[in-house]
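Biologist: I am new to this structure. Could you take me through it step by step?

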Amino acid sequence: MDHSRILVAEDEAIIGKEIELTLKDLGYDVLGVVPTGEEAIERALSEQPDLVLMDIMLAGDIDGTEAAAQIRRQSHIPIIFSTAYTDDETLARVKPTAPYGYLIKPFDQTDLRITVETALYKSDMEEKLRVSEHRLRQAQKLEAVGTLASGIAHDFNNILSAIIGYSEMGLSKVDESDSLHKMLDRINKAGRRAKDLVQLMLDFSRPAGSDLDFVDLGAIVTEAMDMLSPSLPAGIRTDFSPPGTPCLVRASSTQMHQVALNLLKNAVDSMAQTDGTLSVTLESGIREDPEGVVCLPMFDRLVEPGWQDCACVKMVVRDTGGGMAEDVRRRAFDPFFTTKASGEGTGMGLAVVHGIVQSYGGWIGLESEPGRGSMFTVCLPQAGE
């Protein structure tokens, strides 16, 4: 038994107690027995049980039918009705609430268990379907962004090349003391920032190509750390020791540099206002099950079955920064989403990381809470497996 959590709404105290004891004997966790529809609504929405066993006739101003309707309007909690009434009028009243089952009083332990297990199974399948549909919508959104990026990037690059080229020609002909020099310099810098953004869009939309090689992630992270170290604020410490053995993946070296640098820079940026520690760990030859990782819903378990049976290389990047609120965490990988001030971030860094990791059959997870920093976990198939 998985100790599913059940809330019982029953206004007959003796019957409610009997149901509670029976459910506990069957191995379920009973959150409580409430006698009114008002209490059923409040407890269900605040505690989010796995199932509500609802008597149709309840004490208070709200009966079981109305209570179920309000709960279902605000959540996906499955509801089973228990009732002594089987007339057509009663059944017609409860039908719009889409109940997951009925128990006709009096019912025995077997009826209770079968009805509850059927409802829980149906609810679990529906939740998996909702998650799959959500992933499909997100995948379609990412694909649309990728198609848009690849379609306009080359033409946009030609325009930017002209802007950058002419601004550089102007800079070479205007004295630095001239106010025009400052304006041309700003045009040049803006053009280069735009060119960098276009390149990120291209990287985001480009699938893993044929330029693959055996890449040692340990060497990649070492090089990325060396590149980043000179620009680190004084209060930020680093903690990374290259593993004793190569962490080989079959990938593009350039794209692996992008993954490492984006994650490291993201960690450093999160600690910009405070002292902190940036730590990186690498492991290879491990069996990693993505089911055990707290991932974003749109990326959670976006892997092929049997991943836990394959050797992988795992990279974990941690920071001690401010962490992320739930709404920010859930959008962290969305293209063009950024919490930075205008002009300071493109919102493409983590989207590019996700696109690269997924293109190689890997997965990425994110754990973060306000005030407790963030941890990104990347797993890629180990080369040769």
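Modeller: The accessible surface of the protein comes to about 20300 Å², and 52% of that belongs to carbon and sulfur atoms. Accessible areas come from the Shrake-Rupley method with a 1.4 Å probe, and for residues only the protein chains shown count as cover. This is a predicted model, in which local features need pLDDT of at least 70 and side-chain atom pairs count only at pLDDT 80 or more, while totals for chains, interfaces and linings use all residues. Residues are numbered from 1 along each chain as its sequence is written, and side-chain values use heavy atoms, with hydrogens and water left out.

Biologist: What share of the residues counts as buried?

Modeller: Of the 385 residues, 44% are buried, meaning under 20% relative accessible area; exposed means over 50%, and partly exposed lies in between (1.4 Å probe, protein chains only).

Biologist: How many helices and strands are there?

Modeller: The protein has 10 helices and 12 strands. These are DSSP runs numbered from the N terminus: helices are H or I with at least four residues, and strands are E with at least two.

Biologist: Let us turn to β3. Is it enclosed or open?

Modeller: Strand β3 is largely enclosed by the rest of the structure, because 5 of its 5 residues are buried. L51, L53 and D55 point one way, V52 and M54 point the other way, and all are buried.

Biologist: Now α2. Which of its residues are buried?

Modeller: In helix α2 (residues 37-47), the buried residues are G37, A40, I41 and A44. Seen down the axis of α2, they fall within an arc of 95 degrees, so they line one face of the helix. The arc is that of the directions from the helix axis to the C-beta atoms.

Biologist: What do they pack against?

Modeller: The buried residues of α2 pack against β1 (5-9), β2 (29-34), β3 (51-55) and α3 (64-74), where contact means heavy atoms within 4.5 Å.

Biologist: What does the opposite face carry?

Modeller: The face of α2 turned away from its buried side carries the exposed residues E42 and S46.
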